[in-house]
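Hello,

Here is the structure we spoke about handing over. My notes on its surface and its aromatic rings follow below.

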Amino acid sequence: MGAASADLIHLVLGIFGVLIVASVIGYVLERRLSPDGSNAAIENLNARIKAWWVMVVLIGIAFIAGRAGVILLFAFCSFAALREFMTLINTKRADHWALAAAFFVALPVQYYLLWAEQYGIYSIFIPVYAFLFMPIIAVLRGDTERFLVRIAEVQWALMICVFCASHVPALLTLHIPGYEGRNVLLIAFLVIVVQLSDVLQYVWGKLFGKTKIAPRLSPSKTVEGFVGGVISASLIGAALWWVTPFTPLQAGLLAFVITIMGFFGGLVMSAIKRDRGVKDWGHLIEGHGGLIDRLDSVVFSAPIFFHLVRFWWSLS
C-alpha cells in the first residue's frame, strides 16, 4: 500500500469516526431536548450531519475512482451550482445563446483543459476568453435592455460556479517534488479545513456569540463565532500537516488564509441571496439549501489555496 493510500485511509477513518460520534450526540440531543422537533438549533445540527454523511460518501467514491472521478464529481457540482445561480439572475429570451454557451461550452472546456493539465489556458479561459465572448454572443440577439446587468450576472456565475470551483480538482495537476501521487490529500485538506471552519464558527457563535458581524447579511455570524472558528480550524489544519507537503506551521498558516477567504465568501454569497430575496440558493441538500450554500466558502478559498501551493513550491 502506498503512502498516499495509507494516509487517505487514516484520514477517511478519522472522518467517519467524527461523523459517528456527531450522529450519536445529535441523536441523544434530539431525544432529550427536541423530541417534537421544536429546537431549531438541534434540528439544524442533525440536518447538517446527515448532509455531511452524503457529501463524505460522494467525495470518498470520487477519490476511489481516482483522478477521473474527482474531476467528474466537481464538473457535476459546477453544473448543478451554475443551474442554481442562473435561476436567481435576470435573464431574458435574448440571453439563451449565452446561457447555452456557459453550460455546454465554457463548463466542459474548462474541465477538459484541467484534465489535459493545460494550466496556461484553463487559468485564463473563463476570466479572459469567456469574459469577452459571452457579451458578443448575447449582443448578437440585439436586446440591449439591462444588457450590462444581464451579462455581468452570467459572467459572475461562470467565475464562481465553474472557474473558482474547478480549482479544487486542479490541485491534482500540481507537480510537487516528493509528493507525487498524493495530491488528492490536498483536496481533502482544503475541504475538511474550510468545512470545519464553517461548523466551528456556527458552534462558537451559538455558545458565545454576542456581537453580530453583518446582521443584514447573515444574522447568525458573530465576531466570537468567527474568531473561535477560524482559530480552531487553523489549529486543526496545523494538526493535519501530515497529509500535506507542509510543516505544521505552514499548514496552519494556509488553513488560516483559506478559512478567512471561506468566511468572506459566505458573506458575499449571502449578500447576493439577500439582493434576490431568498434564504437559500436551492433545495438540493437537506439542511444546507442548495449546492452553492454548501460550497460557497470552498469555491472562494480554492483558487487562493491552489495558487499559494503552486507558487510556494515553484519558489522552493
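Is Phe189 buried or exposed? In this predicted model, Phe189 has a relative accessible area of 1%. Phe189 is therefore buried, since the cut-off for that class is under 20%.

Aromatic pairs

There are 11 aromatic pairs in the structure. One of them joins Phe103 and Phe104, a tilted pair with 6.2 Å centre to centre and 40 degrees between the planes. Phe103 counts as buried at 14% relative accessibility, whereas Phe104 is exposed at 59%. Phe189 pairs with Phe305, and this pair is stacked: the centres are 5.9 Å apart and the planes are at 25 degrees. The pair links distant parts of the chain, with Phe189 in helix H8 (residues 184-208) and Phe305 in helix H11 (residues 291-315), 116 residues apart. Phe305 is buried, with a relative accessible area of 0%. Ring pairs also link Phe79, Phe103 and Phe104 into a cluster.

Charges over rings

The charged end of Arg310 sits over the ring of Tyr119, 3.7 Å from its centre. Arg141 lies over the face of Trp97, at 4.5 Å from the ring centre.

Nonpolar surface

Trp97 also belongs to a nonpolar surface patch of about 960 Å². Its other members include Ile124, Val128, Phe131 and Leu140. Helix H6 (residues 125-139) gives the largest share of this patch, seven residues. Ile124 lies in the loop between helix H5 (119-122) and H6, and is partly exposed at a relative accessible area of 31%.

Regards

Note on methods. Residues numbered from 1 in each chain as written. Predicted model: local features only at pLDDT ≥ 70, side-chain atom pairs only at ≥ 80, totals over all residues. Heavy atoms only, no water. Patch = residues over 30% accessible without salt bridge, like charges linked within 9 Å, V, L, I, M, F, W, Y side chains within 5 Å. Areas by Shrake-Rupley, 256 points an atom, 1.4 Å probe, with all protein chains shown as cover. Salt bridge = Lys/Arg side-chain N within 4 Å of Asp/Glu carboxyl O. Helix = DSSP H or I, 4+ residues; strand = E, 2+ residues; numbered from the N terminus. Buried < 20%, exposed > 50% of the residue type's maximum accessible area, 1.4 Å probe, protein only. Phe/Tyr/Trp six-rings, centres within 6.5 Å; stacked < 30°, edge-to-face > 60°. Lys NZ or Arg CZ within 6 Å of the ring centre and 35° of its normal.
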